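Biologist: I would like to learn how such features are read from a model. Could you take me through them one at a time, giving the general idea before the case?

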Amino acid sequence: VVVWLGQNFLLPEDTHIQNAPFQVCFTSLRNGGHLHIKIKLSGEITINTDDIDLAGDIIQSMASFFAIEDLQVEADFPVYFEELRKVLVKVDEYHSVHQKLSADMADHSNLIRSLLVGAEDARLMRDMKTMKSRYMELYDLNRDLLNGYKIRCNNHTELLGNLKAVNQAIQRAGRLRVGKPKNQVITACRDAIRSNNINTLFKIMRVGTASS
């Protein structure tokens with residue numbers, strides 16, 4: 001561990017690290033946050049940081065250095081997980097809006113066909129007043145459809161952005177593990193998303209499994 005620290009961190013030349021147990025503290029150049037690495041006599045390593053990406057980088061680096069093929073990790077990032085929870089709420093909201101807009105568009109399409117038939121019937125019967133009225137309704141309906149389409153496009157863009165954030169969160173949770181546990185976490189997280197089981201999702205991200 002001491003050799004790994006020397007290769008991966010900027011340490012003062014006069015630094016002398018004793019055998020375990022010990023603790024080292026750093027300031028991240030990425031965001032100025034604090035990083036604490038504790039080594040217990042048993043060999044258990046604890047990493048304290050609010051940066052989930054930094055934690056993942058450290059775990060992957062250590063696993064590579066020590067040639068660890070499979071590594072299960074327990075992790076908790078309260079601030080990040082709370083932000084993710086808000087993103088998941090937005091995803092549900094955007095899905096609901098998308099479904100409503102799709103239903104409205106289908107209703108408008110049926111109404112357009114009805115108005116077109118009515119306008120054509122009025123034209124054949126030389127009922128210009130009714131024909132004009134139908135085409136005015138079509139004009140208003142077409143305007144509503146265009147506005148709805150713009151809203152639907154914006155909603156779709158926001159939905160994709162939030163889904164991307166969810167996928168990135170799953171990948172980050174995976175990078176906190178190595179080998180089979182990493183793949184298991186990613187798969188289990190995606191299953192939890194598909195079943196809309198948010199509590200299970202966060203449990204998997206924290207402890208690496210959905211089981212008790």
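Predicted model: local features only at pLDDT ≥ 70, side-chain atom pairs only at ≥ 80, totals over all residues.

Biologist: Which domains does the assignment give for the protein chain?

Modeller: Domain bounds come from an automatic or database domain assignment, and here that assignment gives domain 1 (1-49) and domain 2 (82-207). Taken over C-alpha atoms, the centres of domain 1 and domain 2 are separated by 47 Å.

Biologist: Is S28 buried or exposed?

Modeller: Buried means under 20% relative accessible area, exposed over 50%, and partly exposed in between, with a 1.4 Å probe and protein chains only. S28 has a relative accessible area of 12% and is therefore buried; its place is in the loop between β1 (22-27) and β2 (34-39), where strands (E, at least two residues) and helices (H or I, at least four) are DSSP runs numbered from the N terminus.

Biologist: With which residues is S28 in contact, leaving aside its neighbours within four places in sequence?

Modeller: Contact means heavy atoms within 4.5 Å, and with those neighbours left aside S28 is in contact with G33 and L54. The side chain of S28 also reaches the backbone nitrogen of R30 at 3.1 Å. For comparison of method, take N155 in helix α4 (residues 128-175): N155 counts as buried because its relative accessibility is 6%, and, with neighbours within four places in sequence left aside, N155 is in contact with Y94, V97 and H98.

Biologist: What is the phi of A67, and what is that of R126?

Modeller: Most residues other than glycine have a negative phi. A67, although not a glycine, has a positive phi of about 55°, and phi of R126 is near 60°, also a positive value. A67 is found in the loop between α2 and α3 (78-124) and is exposed, because its relative accessible area is 62%; R126 is found in the loop between α3 and α4, and at 71% relative accessibility R126 counts as exposed.

Biologist: Where is F65, and is F65 buried or partly exposed?

Modeller: F65 is in helix α2 (residues 52-65), and with a relative accessible area of 35% F65 is partly exposed.

Note on methods: Residues numbered from 1 in each chain as written. Heavy atoms only, no water. Polar contact = N/O pair within 3.5 Å; in protein donor to acceptor, adjacent residues only side chain to side chain.
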